[in-house]
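Student: I would like to go through the labels used for this model and see what each one rests on.
Tutor: Then look at the structure, and we will take the labels in turn.

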Amino acid sequence: MSLVKFKHRTSPLRSLMASDFFNNNDDFFKDNFLNKKMDEPALNIKETDDDFQVELAAPGYSKKDFDVNIDNGYLNISAKKSNTTEEKEDDYTCKEFSYDSFERSLLLPDSIEDEKVKASYKDGILKFNLSKKEALKKHAPKVIEVS
């Protein structure tokens, strides 16, 4: 099973009915390659035998800017930051401010152990390690000797 990009927060039924990543959205290529939102950070997902590894590009943020939670089978990631500068001189005041935010949600497969999800942030990359349930991990086949 694969992680699925949750496109619209208001209609999770569409994501739940999907059997895999590419069947989730008829507009997959259009949405992700032609009309990519600039406020939506890039995301890499890698599946191994034991876990899923998710990397989200979010440069310029600090650890305290992130709000991450798992709710109803969705990994919700959001961040907000703001900056204000003010320069005062005798005859003028110049005040500038900026605000930046994003939100991403991923539908998690049933094979993920919610309690073992780990997150770290370093060099502008927010990384998640999503452990699979032990019973669903791939194990090497047991060789049985025939006598």
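**Labels and cut-offs**

Student: Why is K64 called exposed?
Tutor: K64 has a relative accessible area of 73%. Exposed means over 50%, so K64 is exposed at 73%. Bear in mind that this is a predicted model.

Student: What makes the contact of K64 with D65 a salt bridge?
Tutor: The closest N and O atoms of K64 and D65 are 3.8 Å apart. The cut-off is within 4 Å, between a side-chain nitrogen of Lys or Arg and a carboxyl oxygen of Asp or Glu, so the pair K64 and D65 counts as a salt bridge at 3.8 Å.

Student: Is D65 buried or exposed, and how do you know?
Tutor: The relative accessible area of D65 is 15%. Buried means under 20%, therefore D65 is buried.

Student: Why do side chains pair in this way?
Tutor: Side chains of opposite charge can pair when their charged atoms come close.

Student: How many salt bridges does the whole structure have?
Tutor: The search finds 4. Among them is the bridge of E86 with K88, at 3.5 Å from N to O. Another is formed by E113 and K116, at 3.8 Å.

Student: Why is E86 called partly exposed?
Tutor: E86 has a relative accessible area of 43%.

Student: What labels do E113 and K116 get, and why?
Tutor: E113 has 17% relative accessibility, and the limit for buried is under 20%, so E113 counts as buried. K116, at 44%, falls between the limits and therefore counts as partly exposed.

Student: Which residues form the negative surface patch?
Tutor: The patch is formed by E87, E89, D90, D91 and E96. Asp and Glu count as negative.

Student: Why is D90 called exposed, and where is it found?
Tutor: D90 has 84% relative accessibility, and exposed means over 50%, so D90 counts as exposed. D90 is found in the loop between strand 5 (74-88) and strand 6 (93-107).

Student: What is the order of the elements in the chain?
Tutor: From the N terminus on, the order is β-α-α-β-β-β-β-β-β-β, with 2 helices and 8 strands in the chain.

Student: What share of the chain is buried?
Tutor: Buried residues make up 30% of the 147 residues.

How values were computed: Residues numbered from 1 in each chain as written. Predicted model: local features only at pLDDT ≥ 70, side-chain atom pairs only at ≥ 80, totals over all residues. Heavy atoms only, no water. Patch = residues over 30% accessible without salt bridge, like charges linked within 9 Å, V, L, I, M, F, W, Y side chains within 5 Å. Areas by Shrake-Rupley, 256 points an atom, 1.4 Å probe, with all protein chains shown as cover. Charge placed at Lys NZ, Arg CZ, Asp CG, Glu CD. Helix = DSSP H or I, 4+ residues; strand = E, 2+ residues; numbered from the N terminus. Buried < 20%, exposed > 50% of the residue type's maximum accessible area, 1.4 Å probe, protein only.
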